[in-house]
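Let's read a protein model together, one feature at a time. Have a look at it first, and then ask away.

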Amino acid sequence: MEAVYDHFADSGSSEPEINVLIGCVTAVTEGIVYINKETSFRLDTVCEGFVPYKGDWLEVVYSTEPGISHIKAYSVKSMNSRHVDEVSITSVHGRHGVIDNKIFFTLDSLKLPAGYVPQRYDVVNVVVVESTQSCYLWRAVSMTLAHRC
């Protein structure tokens, strides 16, 4: 975990101090995202369309208040994300799989078109986020079949 900016607000202000935290998700349980044992935030307060998963690298804009165990997160986003087009699913094992031998996916957190079940050799377009998943550095968060002419 690394604090990139540790002070946005003027020190004389009564406003809470705004900070930016870069860290790796260690757990997500019952609507709480944990960056480490001491740092956590409520998922429902900030994440629209993106659900962090264990291993994801996040940038969290937050403030702290005395006596509160959770940080107050204002925005949460993946450190890095990108679109990858026309890559092949190289393996599927139960609810997990790998795309192009380098992108991890789990059906537990993957957005898919209605009725689509990923199969080995399918050619897909994916949105990926930086995430530490065993020997993989990317996790797919969205997948659609590529339409080839």
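Q: Which residues does Ser78 touch, leaving out those up to four places away in sequence?
A: Contact means that heavy atoms lie within 4.5 Å. By that rule, Ser78 touches Phe50, Trp57, Leu58, Val129 and Glu130, once residues up to four places away in sequence are set aside. Keep in mind that this is a predicted model, where local features need pLDDT of at least 70 and side-chain atom pairs count only at pLDDT 80 or more, while totals for chains, interfaces and linings use all residues. Residues are numbered from 1 along each chain as its sequence is written, and side-chain values use heavy atoms, with hydrogens and water left out.

Q: Is Ser78 buried or exposed?
A: Buried means under 20% relative accessible area, exposed means over 50%, and partly exposed is in between (1.4 Å probe, protein chains only). Ser78 counts as buried because its relative accessibility is 13%.

Q: Where does Ser78 lie, and in which strand?
A: Strands are DSSP runs of E with at least two residues, numbered from the N terminus. Ser78 belongs to strand 7, residues 72-78.

Q: Which backbone oxygen does the side chain of Ser78 reach?
A: A polar contact is a pair of N or O atoms within 3.5 Å; within protein, one must be able to donate a hydrogen and the other to accept it, and residues adjacent in sequence count only if both atoms are side-chain atoms. Here the side chain of Ser78 reaches the backbone oxygen of Asn80 at 2.8 Å.

Q: How many residues of strand 2 are buried?
A: In a regular strand the side chains alternate between the two faces of the sheet. For strand 2 (residues 19-24), six of the six residues are buried, so this strand is largely enclosed by the rest of the structure. Asn19, Leu21 and Gly23 are buried on one side, and Val20, Ile22 and Cys24 are buried on the other.

Q: Which strand is joined to strand 2, and by how many bridges?
A: Two strands pair if DSSP finds at least two bridges between them. Strand 2 and strand 6 (residues 57-63) run antiparallel and are joined by six bridges. Within strand 6, Tyr62 is the bridge partner of Asn19.

Q: Which strands close into a barrel, and in what order?
A: Five strands do this, in the order 8-9-10-12-11, with mixed pairing. His96 has Thr106 in strand 10 as its bridge partner.

Notes: Helices (H or I, at least four residues) and strands (E, at least two) are DSSP runs, numbered from the N terminus.
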